[in-house]
Amino acid sequence: MSAAGEAGVARSYTGARRHPWVLGRLGDWTVPFGPYTPAQLVVLGGGAFTLIKTFAWWSWAGPVPVALWLCAVWAVRGAQIAGQNPFTAVLGVLVLLLRHPAGRIGGRSARDRRPAYLRGQFAVEPAPPAPAAAPASESGLVLACARSATLEAIAASGGAAAGSGLSRLLADAAGAGRRAA
């Protein structure tokens, strides 16, 4: 295969891979036994402080506590909590405990809205006058015809579920309207 026909290879590295979070490296020079992660520096400093302040308690054990301290510094070099270094994990827990319990909306703490009172009015007015009534004999006949026609139309269209109480009631009403006519 010729050089022109070879497939190119492209690589992309995140900033964390190009510049890992370590302390004690300056160019090609590194601190002895370094570089150190922040967790190692905390154990190194905190352990040294503790060993110095409690020398009277452990001095009888000889170099064993110092050796344990150095082993602890070495052991935390790759310490991770849920895939994060211990400091970001602790920071995440602190942020979780300190944030507002209702959460955030648009970057601001969520708060309940101020109550808004509804101010409405109503008026009681007299009912409009009833329309002029038709003679009793005519209005009763028209109403009976309209009712029976409506009930027959509903029953014929299957407007009610078959076998339901409503369908029986409509059928009875339609039958009574036919008998009256």
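Trainee: Leu97 first. Is Leu97 buried or exposed?
Mentor: Exposed, because its relative accessible area is 64% and the cut-off for exposed is over 50%. Keep in mind that this is a predicted model.

Trainee: Which helix is Leu97 in?
Mentor: Leu97 sits in helix α5.

Trainee: Which residues form the nonpolar patch on the surface there?
Mentor: Val90, Val93, Leu94, Leu97 and Leu98. Together they have about 530 Å² of accessible area.

Trainee: Switching to α2. Which of its residues are buried?
Mentor: Pro38, Ala39, Gln40, Gly47 and Leu51 are buried in α2.

Trainee: And what covers them?
Mentor: The cover includes α3 (55–58), α4 (64–75) and α5 (86–98).

Trainee: How far apart are the end C-alpha atoms of α2, and what should the helix span?
Mentor: Helix α2 has 16 residues, 38–53. At 1.5 Å a residue it should span 22 Å. The end C-alpha atoms are 22 Å apart, so the two agree.

Trainee: Aromatics next. How many aromatic pairs does the structure hold?
Mentor: The structure holds 1 aromatic pair. Phe55 and Trp58 form it, edge-to-face. The ring centres are 5.1 Å apart, with 85 degrees between the planes.

Trainee: Zoom out. How many helices and strands?
Mentor: The protein has 7 helices and 4 strands. From the N terminus the order is α-β-β-α-α-α-α-β-β-α-α.

Trainee: What share of the residues is buried?
Mentor: 13% of the 181 residues.

Trainee: And the surface?
Mentor: The accessible surface is about 15,600 Å². Carbon and sulfur atoms hold 64% of that.

Trainee: Last one: what about contacts between residues 24 or more positions apart?
Mentor: They make up 34% of the contacts with a separation of 6 or more.

Terms used:
Residues are numbered from 1 along each chain as its sequence is written. This is a predicted model: local features need pLDDT of at least 70, side-chain atom pairs count only at pLDDT 80 or more; totals for chains, interfaces and linings use all residues. Side-chain values use heavy atoms; hydrogens and water are left out. Helices (H or I, at least four residues) and strands (E, at least two) are DSSP runs, numbered from the N terminus. The expected span of a helix is 1.5 Å times one less than its number of residues. Buried means under 20% relative accessible area, exposed over 50%, partly exposed in between (1.4 Å probe, protein chains only). Contact means heavy atoms within 4.5 Å. Patches are made of residues with over 30% relative accessible area and no salt bridge: like charges are joined within 9 Å, nonpolar side chains (Val, Leu, Ile, Met, Phe, Trp, Tyr) within 5 Å. Accessible areas come from the Shrake-Rupley method with a 1.4 Å probe; for residues, only the protein chains shown count as cover. A salt bridge is a side-chain nitrogen of Lys or Arg within 4 Å of a carboxyl oxygen of Asp or Glu. Rings of Phe, Tyr and Trp (its six-membered ring) pair if their centres lie within 6.5 Å; planes under 30 degrees apart count as stacked, over 60 as edge-to-face and the rest as tilted.
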